[in-house]
Amino acid sequence: MIGVLVSGTGTNLQALLDGGLPVVAIASNRGDARALERAGTIPTGVFELRDYGSRAERDAAMAEWLRSRGVELVVLAGYMHVLTPSFLERFPDAVVNVHPSLLPEFPGAHAVEDQLRAGVAESGATVHLVDEGVDTGPILAQQRIPVRPDDTPESLHARIKEIEHALLPRVVGELCAR
Ligand code: GRF
């Protein structure tokens, strides 16, 4: 059973839902995340840092809430905070992230802009297991796309998201089948 963490618009969450994957809980670090509107009848939890004494406390509460709902695999679908050990130790080797670059190149929150600034000819999406680093951890799958000469951050990110929406449900489905 899958728990999804979101911070933003939630198009990758939507792809998981459309793919029929067993999402049983959705959590966010932001109460105003548009992604939460996609939840339908799936329980949602909001874990804003300001309501906790520390990141570790917030992450422990979020992980315990997911576990109480039966979550076995956590998918970060546009979740914009680094998870602390207090979260990761509750889900060992069971947290997956999707990132809009060909990792290990261009980690971080501005990956699309950074790739255009660097003038790369190829971009893509990566699905990887999460460790304590920023967009590090073993790579599970990648897909490449060409960068166009007239690409803007918006146009490139939109094309990357198209491949994320196929890649992420496929990899998560494979993990569920194990
Ligand atoms: C995606 O590009 C994902 O790779 C990155 O954040 C973006 C989330 O988009 N980590 P969305 O909220 O799923 O639309």
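**Questions about a predicted model**

Biologist: What is the relative accessible area of Asp 93, and is Asp 93 buried or exposed?
Modeller: Asp 93 has a relative accessible area of 71%, to be read against classes in which buried means under 20%, exposed over 50% and partly exposed in between, with a 1.4 Å probe and protein chains only. This is a predicted model, in which local features need pLDDT of at least 70 and side-chain atom pairs count only at pLDDT 80 or more, while totals for chains, interfaces and linings use all residues. Residues are numbered from 1 along each chain as its sequence is written, and side-chain values use heavy atoms, with hydrogens and water left out. With its 71%, Asp 93 is exposed.

Biologist: What is the phi of Asp 93, given that it is not a glycine?
Modeller: Asp 93 sits in the loop between helix 3 (85–88) and strand 5, where helices (H or I, at least four residues) and strands (E, at least two) are DSSP runs numbered from the N terminus. Most residues other than glycine have a negative phi. Asp 93, although not a glycine, has a positive phi of about 55°.

Biologist: Where is Asp 135 placed, and is it buried or exposed?
Modeller: Asp 135 also is not a glycine and has a positive phi, of about 60°. Its place is the loop between strand 6 (122–129) and strand 7 (139–146). With a relative accessibility of 17%, Asp 135 counts as buried.

Biologist: Which residue has a side chain joined by a polar contact of 3.2 Å to that of Asn 97?
Modeller: Asn 97 lies in strand 5 and, at 8% relative accessibility, counts as buried. Leaving out residues up to four places away in sequence, Asn 97 touches residues including Leu 76, Thr 126 and His 128, contact meaning heavy atoms within 4.5 Å. A polar contact is a pair of N or O atoms within 3.5 Å; within protein, one must be able to donate a hydrogen and the other to accept it, and residues adjacent in sequence count only if both atoms are side-chain atoms. The side chain that meets Asn 97 in this way, at 3.2 Å, is that of Asp 135.

Biologist: Which backbone oxygen does the side chain of Gln 115 reach at 2.9 Å?
Modeller: Gln 115 is found in helix 4 and is buried, with a relative accessible area of 1%. Its contacts, apart from neighbours within four places in sequence, include Pro 100, Phe 106 and Glu 122. The backbone oxygen reached by its side chain at 2.9 Å is that of Ala 111.

Biologist: Which peptide bond is cis, with omega near 10°?
Modeller: Most peptide bonds are trans. The loop between strand 5 and helix 4 (111–118) holds Pro 104. The peptide bond that is cis, with omega near 10°, runs from Leu 103 to Pro 104.

Biologist: Why are the buried residues of helix 1 on the same side of it?
Modeller: In helix 1 (residues 11–18), the buried residues are Asn 12, Leu 13, Ala 15 and Leu 16. They lie on the same side of helix 1 because the arc that they cover around the axis is limited, the arc being that of the directions from the helix axis to the C-beta atoms. Strand 1 (2–6), strand 2 (23–28) and helix 5 (153–177) are among what covers them.

Biologist: What distance does helix 2 reach from its first C-alpha to its last?
Modeller: Helix 2 (residues 55–68) has 14 residues, and its expected span is 1.5 Å times one less than its number of residues. Its buried residues include Arg 58, Trp 65 and Leu 66, and Leu 66 has 0% relative accessibility. Close to the 20 Å expected, helix 2 reaches 20 Å.

Biologist: How much of the ligand's accessible area does the protein cover?
Modeller: Oxygen atoms of the ligand lie 2.8 Å from a backbone N or O atom of Gly 10, 2.5 Å from a polar side-chain atom of Thr 11, and 3.5 Å from a polar backbone atom of Pro 100. On its own the ligand has 370 Å² of accessible area, by the Shrake-Rupley method with a 1.4 Å probe, where for residues only the protein chains shown count as cover. Of that area, the protein covers 91%.
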